[in-house]
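Dear colleague,

I am handing over the structure below, and my notes on what was found in it follow directly after.

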Amino acid sequence: MGISKKWSDATGARIAQAPANVGVYEFAYNKRTVYVGSGTIRDRLQAHNRSGYSMTHFRYEETNSRMRAVQRERKLLKQFQKRKGRLPKYNDEIPNPPR
C-alpha cells in the first residue's frame, strides 16, 4: 500500500511545515507520482523543490529510522513498478537497502 497521507500543495510554505524527521516521501505532478524518496523529510522536500522539476504536490510518511525509510522507499518503488510497469518519472533505480 502506498503512502496514505493526503496530497499537499508543493509550495515553499507547505514544504517548510513538513517535519524534520526521517521518512519517505512522494512528489507528484497533478497528483500523479513522479518521484519517491527517503531521508530527512523537510530537507529533501526543500532540495527537490529547488531542483526545477515539475512537481505540484507532495505527501510523506515518518519512519524515524533511516533504515526503515529506505526499506519503505524500496517497497513503494516496487509496488509502483508492479502497477505501472516502470518506475516514477524521476526515479532512476530502486535503492539498495542499508546494511
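Which residues of the largest nonpolar core touch the most other members? They are Phe27, Leu45 and Phe58, out of 13 residues in that core, where a nonpolar core is a set of buried Ala, Val, Leu, Ile, Met, Phe, Trp, Tyr and Cys residues joined through side-chain atoms within 4.5 Å, and buried means under 20% relative accessible area with a 1.4 Å probe, protein chains only. Strand 2, strand 3, helix 2 (41-50) and strand 4 each give two or more residues to this core, helices being DSSP runs of H or I with at least four residues and strands runs of E with at least two, numbered from the N terminus. Another core, of six residues, lies apart from it and includes Val36, Leu76, Leu77 and Leu87.

Please bear in mind that this is a predicted model, in which local features need pLDDT of at least 70 and side-chain atom pairs count only at pLDDT 80 or more, while totals for chains, interfaces and linings use all residues. Residues are numbered from 1 along each chain as its sequence is written, and side-chain values use heavy atoms, with hydrogens and water left out.

As for the rings, the whole structure holds four aromatic pairs, which require centres within 6.5 Å, with planes under 30 degrees apart counted as stacked, over 60 as edge-to-face and the rest as tilted, for rings of Phe, Tyr and Trp (its six-membered ring). Tyr25 and Phe27 make an edge-to-face pair, at 6.3 Å centre to centre and 80° between the planes; Tyr25 is buried at 0% relative accessible area, and Phe27 is buried at 0% as well.

Best regards

Methods: Buried means under 20% relative accessible area, exposed over 50%, partly exposed in between (1.4 Å probe, protein chains only).
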